[in-house]
Protein chains: 4
Amino acid sequence: MGGHYTGLHEWQITGLREECGVFGVYLSDCEADVSPMIYYGLYALQHRGQESAGIAVTDGLRLRYFKDMGLVSEVFDPKILNQLKGYSGIGHVRYSTTGSSYVANAQPLVVRYKGGDMALAHNGNLVNAVSLRGELEAQGAVFQTTSDTEVIANLISRAEGDDIKDVISQAMRQINGSYAVVILTNDAIIGVRDPYGIRPLCLGKLGDGYVLASESCALDAIGAEFVRDIKPGEGIAVSKNGVESFKIMDSPKMALCSFEFVYLARTDSVIDGAGVYRARINAGRMLAMEHPVQADMVIGVPDSGTTAAIGYAQQSGIPFGEGLIKNRYVGRTFIQPEQKMREEGVKVKLNALRETVKGKRIVMVDDSIVRGTTSSQIVEMLREAGAVEVHMRVSSPPVQYPCYFGIDTPSRDNLIGAMHTVKEIGDMIGVDSLGYLSVDGLVRSVAEAVGRYEFSASDCPYCLACFDGHYPVDVPEQGQKYLFENAGGRK
Amino acid sequence: MGGHYTGLHEWQITGLREECGVFGVYLSDCEADVSPMIYYGLYALQHRGQESAGIAVTDGLRLRYFKDMGLVSEVFDPKILNQLKGYSGIGHVRYSTTGSSYVANAQPLVVRYKGGDMALAHNGNLVNAVSLRGELEAQGAVFQTTSDTEVIANLISRAEGDDIKDVISQAMRQINGSYAVVILTNDAIIGVRDPYGIRPLCLGKLGDGYVLASESCALDAIGAEFVRDIKPGEGIAVSKNGVESFKIMDSPKMALCSFEFVYLARTDSVIDGAGVYRARINAGRMLAMEHPVQADMVIGVPDSGTTAAIGYAQQSGIPFGEGLIKNRYVGRTFIQPEQKMREEGVKVKLNALRETVKGKRIVMVDDSIVRGTTSSQIVEMLREAGAVEVHMRVSSPPVQYPCYFGIDTPSRDNLIGAMHTVKEIGDMIGVDSLGYLSVDGLVRSVAEAVGRYEFSASDCPYCLACFDGHYPVDVPEQGQKYLFENAGGRK
Amino acid sequence: MGGHYTGLHEWQITGLREECGVFGVYLSDCEADVSPMIYYGLYALQHRGQESAGIAVTDGLRLRYFKDMGLVSEVFDPKILNQLKGYSGIGHVRYSTTGSSYVANAQPLVVRYKGGDMALAHNGNLVNAVSLRGELEAQGAVFQTTSDTEVIANLISRAEGDDIKDVISQAMRQINGSYAVVILTNDAIIGVRDPYGIRPLCLGKLGDGYVLASESCALDAIGAEFVRDIKPGEGIAVSKNGVESFKIMDSPKMALCSFEFVYLARTDSVIDGAGVYRARINAGRMLAMEHPVQADMVIGVPDSGTTAAIGYAQQSGIPFGEGLIKNRYVGRTFIQPEQKMREEGVKVKLNALRETVKGKRIVMVDDSIVRGTTSSQIVEMLREAGAVEVHMRVSSPPVQYPCYFGIDTPSRDNLIGAMHTVKEIGDMIGVDSLGYLSVDGLVRSVAEAVGRYEFSASDCPYCLACFDGHYPVDVPEQGQKYLFENAGGRK
Amino acid sequence: MGGHYTGLHEWQITGLREECGVFGVYLSDCEADVSPMIYYGLYALQHRGQESAGIAVTDGLRLRYFKDMGLVSEVFDPKILNQLKGYSGIGHVRYSTTGSSYVANAQPLVVRYKGGDMALAHNGNLVNAVSLRGELEAQGAVFQTTSDTEVIANLISRAEGDDIKDVISQAMRQINGSYAVVILTNDAIIGVRDPYGIRPLCLGKLGDGYVLASESCALDAIGAEFVRDIKPGEGIAVSKNGVESFKIMDSPKMALCSFEFVYLARTDSVIDGAGVYRARINAGRMLAMEHPVQADMVIGVPDSGTTAAIGYAQQSGIPFGEGLIKNRYVGRTFIQPEQKMREEGVKVKLNALRETVKGKRIVMVDDSIVRGTTSSQIVEMLREAGAVEVHMRVSSPPVQYPCYFGIDTPSRDNLIGAMHTVKEIGDMIGVDSLGYLSVDGLVRSVAEAVGRYEFSASDCPYCLACFDGHYPVDVPEQGQKYLFENAGGRK
């Protein structure tokens, strides 16, 4: 209600690690109006970030942009879109997992540099952001935000090269980390993906124009045709010359974030050949094979556990049903009940369906367990509703290691999978049995969705670091992650 | 975005026919703080009305209230709730189906009359509102809103009686129509239900206090225990004397709105003994028996068709799957794509899941068809995604008659079920086959949920008027509904 | 910044006593657009009320209205004015002197009654509001606000008569108190003034149409020509029949509020024949004659004391100068400094002009002293800036009695003029000498502005009750004013 | 009302030339809370900029800031000030003379650079901004705003030096133009003034702490004691070491903007030894000597002409009076009447006082004439009110040349003083006679206020370039100003 914090912040590199969505459209018709397309594209990517939204467009002569805190539908209105005239543009949605969010960190970041005007939208995380900032500051750079995007803009403004493709390639080669970046100039849109392909990025075709998007569901939303995924280490420039591919650097190996399949991506997207829905159904099926149980009904924790629950039901033959009803109206300013009220029984997000649950042995499927507190409450709710047994099945392995590539994970102390055995976790959340999908099961779920039976250990193209600790790139030593972040705040 | 229309309106009785939710809590502890309870109760009833929300409370000495346009989470913040101090109070959520909504019509309506202060919240519709207004105006009444609630307040202020129960009874006896009303005075909360029980209202217990709510899911939300439904023609007063039941008038028959089970109520509510979830599963099962088909997958149109789709799948043995993905982020200010954009393929609300639909014969289940345009678009979407056959099944009979009891229905010309045969409708929306649940099937679905095999024709306790035209109370002659409404606007 | 309290209030008749401005325009051309005229008219009356603003218009068929908390320029924007289509309409600005203000009490009040639709805007105060409310409630009336305007609407809706003029006359005859009311129906605008003419109301001509306004400055603002003041007890109806005058009741005597000349009205208005600027200049001149002093410079306390200071300077021959500079930017949400900060020297509204004040003997003129605290701070400020003597002159007599006719006055305990002698007051605010204008001097100031040398005691046409306690109508006994108000809150 | 444009802009260096106010406070007590002091200081400087406001503070460890579009009282509320905890801080108010204003250009600008965190607030204009930007871009700088402040930050981040004073000195030496800059680091506040002293900046003392402010009225507002003005080319650092003065560069000559005395500064400020009020009174007196006339009354155009009018009246012996009444409530969203309405007589800002003006010969004093349209309307208003003669006197010389140092002036084509003779101007605005103060008269007005009889031509310490075209520093050739600006937009 009221108030608009445009910049109140503690000036500190907080090591925000957000998931985001990027989008770009280049229409061949100079008279075309691209901003409604970007609006609907961002709306389709809204699940990747609900904190802020922004659009930058060009009419070939100048960039115009607008960004603010809020959902796409809250930030933009027809009057604003009308002023964002242009035939080419990019957009961004951002999710912040911390309270220290403010509009200065919203994207796209729009800058003027020696090459002219440029807007940047970034999904990912720079592992070497602190050292890059230090080097750039030593060269006289000033920073106005704490976002990695500003670091990228400064690298580009200092890179030398024959053309924008060359300049961007040089800049990106200095980065250690994950990125799917779309860049807008007055002439072109450019998309680049890190050499491991950690974050997704795909190309679509819309009439004679082209589209870049974090996920294929955003292509569907605007009626664009899927062309292909951007390759690891590849750049794509769309301009009046059409589509040009260029190499940023060699890709040592593919390491697409496996969590996109577990939770992040929308069910109707296809990423690097794998349908997300299919991968989740498969994960549920694998889970049923790895952790079978005698029960009367399989239910999903809405919405993220539903698809895997259907897969579990299909494989096990146990009927699928709805056992938990979700209230769809939690808004940004919703007042959470205090601890005391929760203890007294106030339930705001989920309610158990007494009549389907009562007297039944329940298999409850969710996509992951982070802290364990939510799972524990749901299990209690089911028991109160009369469930005689609750068997929890999780469609991913225990999260045991921090992510350095764009997903916020709590400190290891709060990561239940890092601190406890499966047996202990099951006791803590009060279930009759608990089963996690194995790392191998997760990989095979996705592999089958791509159409291969499985990958060999050596050529698995997914990052599984949060499960097994094997990071595709060098990261700070374990245990030093948070120290490192805090150190970054104040030299 | 911005602006706040507190009263811009054309002064006209527009015959708004909204669905709403009412809620009331009386805590025995005078020091208790009731407004957070009402907040969470209204939040659980949010599906019954998203246009405005309001809360009125009393500390025993004076009423305080706040209401505004918007969702519960948008209207209230901690600062406002803090100022709504009291141990007893009521709340309301309102859904308007037209554009002419404004805060003056938001509820509760708070008035001062000869009996002191009073707040009213109403769900339903007065069939004789125009004649009651005329009589009241002849007696000198002035009206500041177009809502039926103001008519009820004026009837109460003119009624004579020994006590508030008597006064309210006398007032309500003049009403022809549907109502579930909760009233707050400085001493008590009172709930009354019309003699046909058209709109639902139930009683719960919370510690030593009591709760009144449109649906039982709101009792669950605040940890209250379900006691019983209010009977048709019954009033319930909760005060320091505890709970008192009183009779408004005899109930000629029960005629609970059957559409509560089809669409309106939340799946986890139990209304007059029938679990909504169970009734919907049953409806899907009946539908499978009435309209079987050879197919590969049963899908629901999210979210309203999902439960019946599961029932259809259970009965038919055809696997249940997800074939349509819904975007969850449509906000109030969302910009709908223009016709041209929709034709070019811009899809904002639903996307077909290509990989599950492709090459399949699909049974698509929805709860109802109103105008037919949405169904037609979804069918086309499924075909584009590769469905080889699309068989639509509707878990309620064709809507053929207007509702006079609180549900907005378009004019008969726009009611596809009133103007066309099932065969014609199937052709219009482009399906391979179309089947509606029979009226008998709908009644049996609910009957089974109550635990009876079926009702005899003579004792069916549900209003089926929108399907069969048999209204429980006298209503204006067919065809005159809209004439009548417009006439009401200007004498 | 943020927050919009549409109805949060303690339901209680608080006896708000506000000053307000009313305005109405009837254009002869049915196609004309009256709302911009009302906008500028209200803007010219903004000094009479800064809390809320509202406009109601009719196109002959229906009333439309909009009102909200805030300045005219904050409440209305082009989009809203565009929707207020009509050739006839009224407007209102309201000033509340207490914190318990809310939009439900904003005006115009728009109602539907047996005579059709009606909008009312009122400036004044009903002395017998509580008893009228009681009688109306006994007849079944319900009240939704605490404003007197709702009482007037209820009196009109119950009055019988041949036409609207007759009906309004009957209604107004029941009122004891002050009023300047403008009423809008679909056919006409009507203005009525109480039988003592306590609050001002005048008639203007605009093309073939007519205008009603609290002050003539609002006629000037829209280029209308002043016709005449409405007489005490007179009603004016403007319709397609032209202007008609009708008698509400006989006027026992004229008793225009003298405070309009002291402070309330804008300097460029002419009320009942007296130019406000001239009356204030005269008051300054009389003051110089009644309380001469040897000094070097005459200054006014900006802005209300400036004109009388110029008059004092003219009469005394002492040069006029600026000694206090006012900051013009105090907005509604301005944060007042805390007591401690004020003691430390934080000054937000006024600053003394050191270079003009230093070493000088100053005559400081203000229009009135209410509590005395502000005067005391200003005097200290002048002394700190180097003034060697400060002689305060007040261009009105000491306020000693409460007003029952629309001006908020603090309780007698806080009214410095009621509790202390002039000598004591002078000591309390720290001046070298203090002189108030006499009651006789005030009357002569205005008389001269009308063009008469003076009025005889028996025919003085001004209400001087706040100075001398002689109320033109019966009011509650002294000392019972506040008791009476509180009693009204809860029977 | 509604909408919040955080960044919608055409990315272009628009050559905005704004007047601004800067403020800084360093309190010796580390526990002290400086933000309310800055709030009241900025409020006292509000006349220097009403478009945006911002505050940055430090608690010694980190900077926090908040800035937004709007008045000081609109941008800040107690909740925000509470979060701005610190014992040292700076603030800024900004005035934009064009429509292309947006929050990205609001100040202070807060950056992180190799020296740590820094906030900057700037009043002035860099004449060589375009070439400095070009050089910085060539070195890899990226710009996110179009403000000069970002150029200054980049110069500082690239400067080398022993300490912050040295670094800032080196940076500022590259600037050609006007500046009064206050800078906040975690250790100190620093104020610097350009070598000609074109924009004002003064030092005050508050307890054991120090204050920097654009004008002395802001020192008065918080109860601080005036110490001295910052010298041209001087820097002042306030830290735990107390106040240190350092030299940026030699001052070739003093050239304080003379328009500060004509219009910009608040009447109660003293700038470089000259009281603004005294200078304006003197200007009115000189004007009476240079352009005497036979008349009955002297009036000022409120508010800017009032003080000079008093001076004119004192010198000429013609009585001072009020002839024009100003409406004080023009808000930011006020709807200006359309041309047609103005022609029909709608007057929103000023009204003539008929009774004082009628039949009189009027001397009307204003501070300047820019386009002439406003003066023309006022003269017509006075004649309609019955003035028999209107003699306009202007308390500054004709503005004939553009300002390059921070004041927005229209293009020469629209500068009536540049395109027409005094005789022509008088005819155009319809006065009986017109007289401008001479350049010499203006200089003597200020000189007398400093306490000197006059300055010799060679040592006049004021910039008079807008009147005589003699710029203190090299500026682009005449006629190229706007070309130059446009060229800056797109290389």
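Residues are numbered from 1 along each chain as its sequence is written, while chains are lettered from A and ligands numbered from 1 in the order in which they are written. Because the model is predicted, local features need pLDDT of at least 70 and side-chain atom pairs count only at pLDDT 80 or more, whereas totals for chains, interfaces and linings use all residues.

An unreviewed UniProt entry places the feature "binding site" at A:Cys257, A:Cys403, A:Cys463 and A:Cys466; UniProt positions follow the numbering used here, feature names are shortened, and annotations may be inferred rather than shown by experiment. A:Cys463 belongs to strand E24 (residues 462-463) of chain A, a strand being a DSSP run of at least two residues, numbered from the N terminus. A:Cys463 is buried, since 27 other C-beta atoms lie within 10 Å; a residue is buried with 20 or more such atoms within 10 Å of its own C-beta, exposed with 12 or fewer, and partly exposed in between, the C-beta atoms being placed from the backbone.

The unreviewed UniProt annotation "binding site" also covers A:Ser304, A:Asp366 and A:Asp367, which cluster in space with a largest C-alpha distance of 6.6 Å, although they are spread over 64 residues of sequence. A:Asp366 is buried, with 23 other C-beta atoms within 10 Å, whereas A:Ser304, with 18 C-beta neighbours inside 10 Å, counts as partly exposed.

Notes: Helices (H or I, at least four residues) and strands (E, at least two) are DSSP runs, numbered from the N terminus.
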